[in-house]
Amino acid sequence: MTSHPPRSGLVTVEHRTADAIAGPLLTADPMTGVGYAEPVDVIGPDRKTRRGQVLDINGEQVTVQVLDGTEGLGLEGTVIRSRGGTSRLAVGPGLLGRTFDGAGHLADGGPPIVPHEFRDLDGAPLNPVARSHPSEVAETGISAIDALITLVRGQKLPIFSGYGLPAAELAARIATSARVPGGTGEDDFVVVFAALGVTRREAEFYRAAFAGSGRQHRMVAFLNLAEDPAVERLQTPRLALTAAEYLAWDAGLQVLVVMTDMTNYCEALREVSAARQELPGRRGYPSDMYSDLASLFERAGRIHGSRGSITQLAVLTMPDDDISHPIPDLAGYITEGQIVLSRDLDRRGIFPPIDVLPSLSRLASAGIGTGSTRDDHRDLAGQLYACYARGRQVRDLASIVGTAALSEDDRRYLTFAGDFEQRFVNQGPERRSITATLDLAWDLLQRFPRHELKRIRQRFLDSRHRPTAEASASQPDHGRPAEATA
């Protein structure tokens, strides 16, 4: 991370004795002349300089989080020296194609970036009146998302995963395959990827995936390792979002920010909160975790008069697969829907294992349909949901009474549910455009007679529905009204 140089005429503040050290935190009292979130240098008796940041000011008592750890520090002989200004990131066009560590230092062996300016990591609050309602789709290449849980540019949408599920693979897939639909505006679409608390093996997986995608020159990556200080994890998403804000608001680009795993971020919050001896909230997490997460998620959106946008996909691992756990619970209040991964689908080898029934995108209706994706998209999505939901109900019934006791219609829905999971949700390494996804949806629905497809309007059935012989035999003689409601 590049810090803003000391302001002209600023007197450097130096305190020569630490009063308390607890975990990654150091307390000095009295200490004056420093500001909240100001970067500091912490020099120990070993003369080694460690990076720090002012975390709290209470009168003349200052609490500093030491980003490089407090090992080797002592109450005597420790010097705290302010740098002046706030923690900032050097931004410029040279960000694209580069990889940074969790502290904002270049980690790809390339030349340093020539900064156009330095940006505060906390960003500039957006006036709600200036926000523009998201209405343009971002194509991920994942059929289950593009058709049913459609991601809209400017939206914030979390992925709820469980331990052992392929959330990392899904995040990498989206980061390397997402684009503007229709094949236009590719140069305007970029990805900022932030990995929080990952192992070296996972970091290498991301590096290899990005390098092999052919789109690394349109990406910026921040990789925070599990072995790095926990407090550094609190800065990594802010570094990524600061870079995204420059690319979106200054360069006018469509930016997709992928952050994984926000559970590691929340664990770092809990660790720092415990070190500060704060009163804990639910399950030991800090009581202000909601506002902290909101300060990150609310940096997504669109602004009136700006060509750019910031869209967020944040991976959250649910401990014990508990969707009511404080992390997914609070994230669900802030964000606009969720993508839920299924352990059952994963066991059956389906990738990505997205359970579409508990998943939703609250802004999907604003980004699909005529002029955006395709005029039959909304009808198809509703019909797929309805048929798959009934197929799941029939599957539960069949587990009790057996398939022999099912009616012909029930068996048709049961077969559809299996085909939907194996052919539509499951796509392996294949990337599908929205057009290919919607065509596949029509292919799956051909098994149903027209009177069963109650959520699709007649004009779409007339032009696209070609029922199988079995479906035609099941069609009643009285037909169907001239036009049904969507």
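Which residue takes a positive phi just after H4? In this predicted model, the residue is Gly-252, with a phi of about 70°.

Helix H4 covers residues 236-250, and its 15 residues reach 21 Å from the first C-alpha to the last. That span is close to the 21 Å expected at 1.5 Å a residue. Of the 15 residues of H4, 13 are buried, so the helix is largely enclosed by the rest of the structure.

The chain has 14 helices and 19 strands, and its C-alpha atoms fill a box of roughly 90 × 50 × 40 Å along the principal axes. Among contacts with a separation of 6 or more, 73% come from residues 24 or more positions apart. The accessible surface of the chain comes to about 20,000 Å², and carbon and sulfur atoms account for 50% of this area. As for charge, the chain carries 53 positive and 62 negative charges, whose mean positions are 4 Å apart.

The aromatic side chains come next. A pair of aromatic rings is described by the distance of the centres and the angle of the planes. With ring centres required to lie within 6.5 Å, the count comes to ten aromatic pairs. In one of these, the rings of Phe-193 and Phe-210 have centres 4.9 Å apart and planes at 70°; because planes over 60 degrees apart count as edge-to-face, the pair belongs to that class. Phe-193 lies in strand E13 (residues 189-198) and Phe-210 in helix H3 (residues 200-213), so the pair ties together parts that are 17 residues apart in sequence. Phe-193 and Phe-210 are both buried.

A further pair is formed by Phe-416 and Phe-448. Their ring centres are 5.4 Å apart and their planes stand at 65°, so this pair is also edge-to-face. Phe-416 belongs to helix H11 (residues 408-425), whereas Phe-448 sits in the loop between helix H12 (434-445) and helix H13 (458-464); the pair thus links distant parts of the chain, 32 residues apart. Both Phe-416 and Phe-448 are buried.

Definitions and conventions
Residues numbered from 1 in each chain as written. Predicted model: local features only at pLDDT ≥ 70, side-chain atom pairs only at ≥ 80, totals over all residues. Heavy atoms only, no water. Helix = DSSP H or I, 4+ residues; strand = E, 2+ residues; numbered from the N terminus. Contact = heavy atoms within 4.5 Å. Areas by Shrake-Rupley, 256 points an atom, 1.4 Å probe, with all protein chains shown as cover. Lys, Arg positive; Asp, Glu negative; His and termini not counted. Charge placed at Lys NZ, Arg CZ, Asp CG, Glu CD. Expected span 1.5 Å × (residues − 1). Buried < 20%, exposed > 50% of the residue type's maximum accessible area, 1.4 Å probe, protein only. Phe/Tyr/Trp six-rings, centres within 6.5 Å; stacked < 30°, edge-to-face > 60°.
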